[in-house]
Amino acid sequence: MTPFLFTLVVLCISMGAGLVGSLLGIGGGLILIPVLTLGLGVDIRYAVGASIISVIATSSGAAAAYVRERMANMRVAMFLELATTAGALSGAFLSGLVGGRGVYLVFGAVMAYSALVMLKRMGAREEAPVPADALADRLGLHGSYWDEALGREVPYRVTRPVAGLGLMYVAGTVSGLLGIGSGALKVPAMDLAMRLPLKVSTATSNFMIGVTAAASAGVYFARGQIDPFIAGPVCVGVTLGAWLGSRHLMGRVNNTWLRGLFVVVLLWVAWEMLRKGWVS
Amino acid sequence: MSGEREPVSREESSTVAAVQEEAEAVALVPELLISDLLRYGVLLSLSLVTLGTLVTFLRHPDYLVSSEALQRLTAPHPVPHGLRDVVVGAMAARGQSFVMAGLLVMMAVPVMRVGLSLLIFRQQRDTVYVAITTAVLALLGLSFLLGAAE
């Protein structure tokens, strides 16, 4: 394979990852890293570096739209970014300590967990009243969003900000360690622990991911793990794919079917990653 | 009489409309500013990366035919990881340095977003959030400094 062909292949795969990722509401990293490492033989440290850049690109692109529509809660995002950036820093340093094998093992475990979360989200969940929280009041975290289906502004209240902070630290650490956005960990933390509406959780998670990723990207850059030859085409491809997916494909595909297929793929890749970490 | 009154009421209604528009514009500004920053930042970065990739292939025609070059490119090797290396490379019109500059712009976009939020919270005199935002900005700065010191 020549460098030119390699660039083209990486560009196409990244577009595919961005497209699928935008439809499923996850970043492309979870798909991209296995393909780059298992399929194209790229060193996992460079794959992680390329992925973290693509995470920033998709997050910033999507967040531009969410902020305009006021779907993302900027105060909740800012507050939780305290924990995600601290976590991302820890994770990026941890990745230098545990080495390639450890990264494979953690990656496999996170993928398997993400698959289970997506499987669970396919079912409905019960609605209980949101308990009052003094800190959430003090920080003014509550908000409202425009619901297109209902045709009115829907107010919501936020609870357990400290629990959210703790979970976000974990999500940030995983993100820094693996070079993924870890939206699959952030959304449940806001949705289940802090009780934000799912749409707001998804939008806010997207908004936050860029900052979390920038924190670990700084460490990766200084360490020389961001290789322009790999990260360049990945960055362009994922952004184009995500843009195409959110603009032109959203709503035209059957989400349940897609999710089901994706869960199967995730579980298979998790198995491959765990095996590679175990054997090597 | 009615002819005299009409222009006044029209003027009144137009000032009311102007005030309403102004209030709406002021309320919208923070979200729009942040949204534009994100959008144009990403566009600038992608243009630099694309330009750099084109320059690379123009300057290294062997990349189109030789498969040995790929092994050199994907094997573990030193990558420019200081700001100075990137600037020097870009000055020498090295394609990969343009790509790297584009990637650095991408990394800077969220940091600038946090900086902009800080200005907005300060303008709103929201001391709690000024403190929170400053802490996040400090953590981001720390990541670049600590990474460089490693």
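I take contact to mean heavy atoms within 4.5 Å. The model is predicted, so I note that local features need pLDDT of at least 70 and side-chain atom pairs pLDDT 80 or more, while totals for chains, interfaces and linings use all residues. Residues are numbered from 1 along each chain as written, chains are lettered from A in the order written, and side-chain values use heavy atoms, without hydrogens or water.

**Interface of chains A and B**

I looked up the contacts and found 53 residues of chain A touching 62 of chain B. The area buried between the two chains (accessible area, 1.4 Å probe, lost on being put together, summed over both) is about 5,100 Å², and carbon and sulfur atoms give 75% of it. A:Arg68, A:Met78 and A:Phe221 supply 15% of what chain A buries against chain B, more than any other three residues.

I then looked up salt bridges (side-chain nitrogen of Lys or Arg within 4 Å of a carboxyl oxygen of Asp or Glu) and got three between the chains. A:Glu81 forms a salt bridge with B:Arg113, with the closest N and O atoms 2.8 Å apart.

**A:Thr212**

I found A:Thr212 in helix 8, residues 198-222. Leaving aside neighbours within four places in sequence, I list A:Thr84, A:Ala88, A:Gly172, A:Ser175 and A:Lys186 as the contacts of A:Thr212.

Definitions and conventions. Helices (H or I, at least four residues) and strands (E, at least two) are DSSP runs, numbered from the N terminus.
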